[in-house]
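The structure comes first, then the details.

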Amino acid sequence: MNKRKILVTSALPYANGSIHLGHLVEYIQTDIWVRFQKMCFPKEDGHEIYFVCADDTHGTPIMLSAEKEGITPEVLIERVHNEHLRDFTGFHIEFDNYYTTHSPETRQYSEDIFTRLKAVDINLITTRSIEQFYDPVKNIFLPDRFIKGECPKCGAKDQYGDNCETCGAAYAPTDLKKPYSAVSSAALVTKTSEHFFFKLSDNRCVKFLQRWTREKNHLQPEAANKMREWLGEAGENKLFDWDISRDAPYFGFEIPDAPGKYFYVWLDAPIGYMGSFKNLCNRRGINFDEFWKKGSKTELYHFIGKDILYFHALFWPAMLEYAGYRTPTRIFAHGFLTINGEKMSKSRGTFITAENYLKQGLNPEWLRYYYAAKLNGTMEDIDFNLDDFTARINSDLVGKYVNIASRTAGFLVNYFDCQMADLSCEDAANILSQKSEEPKIPLTEELLGNASLIRTHLENRRYNLAISEIMTLTGKVNEYWDRQKPWDKAKQIDDATQKHALHMVSSETIECFRILTIFLKPILPKLAQMAEFFLNVEPLRWNDLWNTLPQGHQINAYEHLMTRIDRKKIDALISASK
RNA sequence: GGCGAAUUAGCUCAGUGGUUAGAGCAGCGGAAUCAUAAUCCGUUGGUCCCCAGUUCGAAUCUGGGAUUCGCUACCA
């Protein structure tokens, strides 16, 4: 059998803020996919699947934040790293490595890639003098977001450098009148300095990207279309060279042989995927080159938000290609999160951090399930509707799925010493079939018949359809149970036929619960773990779908697996987020 | 302004080889009582954004428009 070797990444969160529900869409989406792959291709069978991520730690905003707090950037990013990892762990995001871009490994590959791109035979790095706003008090060049001034059109004061809130005019930061620093309030001066550029507009890059972005499903169709817009058609060249350096003082990596020049944070951020993986390789003895060398047969997947498609679908593959590394197998972009149909907002209490969500006592798997129920593999935005959220969890998970175990377990415990019946016995088909007419198909068979469809949906990241299928099946199990009326059979427990039927029906239903648990496990790992304890089985993998619990297998007494959402908790969360 | 996406039941969403448009939740009416009130059966509800076109037939294809959201460009 073919051994799969897969490396998966989520985008690196910036070390300048807390993880919020918007971030979590991506990490939950990725985590579900990785857990699903690991279930299908277990390590014991020789497959290797790794999920790495890291904090994105460099740049002016980090430097300024640290200064504002009176600490060094190193102390700041160390603290934030711990917070981020705590939050991810709280939502059961299971990284193989959660590292930092401020690391020797990331420095090594940043320097390596830069040096290779700069080499005479490649020659994709150039230098150019550019003029930028400079804060003479702080003695730093300022990114656009820290520049304010008067609108060149209507003269409104204190406007940012992209557009005017008063008259709606759009312009460049350099158009602002009386530009000043949002950091020090000092009047800005313009100053010239030399920058390094990655020659993205070079014909080689343009041609390579026009091909790469369209072939082999590297991108989703909508993303590929977007790239077509940015890249232009064959013969056109709409790309600009990419400014990849910043002047000291800057928190980042100094560029080799260029004192006082640093790599722009967006250069080393994606390289952080390599750095994090390298760090994992060193600790676990994994062959890094096998995953990253040109022509590698391993698979590399990046999950990202649609806002950073530009970096991952243009700069990143071009950099890798010409620095002599492999390029990504596929890039999966997702949309943004809205809450009750609107952007997250502090004043409405919908800017909800991961920390707050957990602190208010909400179950992280509620959110995992809800996101999964909405995610569809496209770049469309998904909406977190609080009422729908409550209804769905309570109805689907507690009312339907968990209820199956809850209402069935007692019969096995009370009448059959917790033991499973022989589901393959001679009269099984007759007892278990839902229908009286032929062919008599036990319910478990029907569930298993949908396994490949559910698997395809999960593989394609159409979690919404997977959940829809799973819930249809969950409904069928409850219907089956109701039709069989085991409680009536229990009243005739002295009748051997009735007793046998009760045992068979209860066991069959538990077996259905086991199958549903496998389907849901990538989405609800903790709940699945509790279910595994209840079923008294080893951690379930995908192939266990066909390993029916044997006759005499003993389950444990049922303990409740999940509670309902109390609407008050949601309201408290909203209040706490204001 | 240009380009792209979206618009389906009260809510959240499926649905393109062109038949009488679907699910879950909510609502309404029943049944049941094994289950931490959880379940099951039945049922109400839709000019599939609007207009026009192609067709025997359009939620689905074409054109125009509206609204929302992105990206992009800002002219004279």
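Start with a sugar contact: the side chain of asparagine 403 places an N or O atom 2.9 Å from a sugar or linking oxygen of RNA strand B. That is a polar contact, meaning a pair of N or O atoms within 3.5 Å; within protein, one must be able to donate a hydrogen and the other to accept it, and residues adjacent in sequence count only if both atoms are side-chain atoms.

The model is predicted: local features need pLDDT of at least 70, side-chain atom pairs count only at pLDDT 80 or more, and totals for chains, interfaces and linings use all residues. Residues are numbered from 1 along each chain as its sequence is written, chains are lettered from A and ligands numbered from 1 in the order in which they are written, and side-chain values use heavy atoms, with hydrogens and water left out.

**The RNA surface**

Aspartate 388 has a side-chain N or O atom 3.1 Å from a sugar or linking oxygen of RNA strand B. For aspartate 482, a polar side-chain atom lies 2.2 Å from such an oxygen. Helices (H or I, at least four residues) and strands (E, at least two) are DSSP runs, numbered from the N terminus. H12 gives the most, with 11 residues.

In total, 31 residues surround RNA strand B. A residue is near the strand if one of its heavy atoms lies within 4 Å of it. The closest are Ser406, Trp481, Asp482, His560 and Arg564. By class, the surface has seven nonpolar, 10 polar and 14 charged residues. Ala, Val, Leu, Ile, Met, Phe, Trp, Tyr, Cys and Pro count as nonpolar, Asp, Glu, Lys and Arg as charged, and the others, Gly among them, as polar. Which parts of the RNA face the protein? Of the RNA strand B atoms within 4 Å of the protein, 76% belong to sugar or phosphate, and the rest to bases.

**Helix packing**

Two packed helices are described by the angle between their axes and the distance between the axes. Axes are lines fitted to C-alpha atoms, for helices over the stretch in contact, and angles run from 0 to 180 degrees between N-to-C directions.

| Helix pair | Angle | Axis distance |
|---|---|---|
| H18 (residues 496-520) and H19 (residues 525-535) | about 150° | 10 Å |
| H11 (residues 364-374) and H16 | about 105° | 5 Å |
| H16 and H18 | about 170° | 11 Å |

H11 is roughly perpendicular to H16. Angles under 35 degrees count as roughly parallel, over 145 as roughly antiparallel, 65 to 115 as roughly perpendicular and the rest as oblique. H16 and H18 are therefore roughly antiparallel. In their contact (heavy atoms within 4.5 Å), the H16 residues include Trp481 and Gln484, and those of H18 include Phe519 and Leu520. That contact has 10 nonpolar, four polar and one charged residues.

H18 and H19 are also roughly antiparallel. Ile510, Phe513, Arg514 and Thr517 of H18 meet Ala528, Ala531, Phe534 and Leu535 of H19. Six of these are nonpolar, one polar and one charged.

**Backbone details**

Alanine 248 and proline 249 are joined by a cis peptide bond, with omega about 0°. Proline 249 sits in the loop between strand S11 (245-247) and strand S12 (261-263). Lysine 216, a residue other than glycine, has a positive phi, near 55°. Lysine 216 is in the loop between helix H5 (203-212) and H6.
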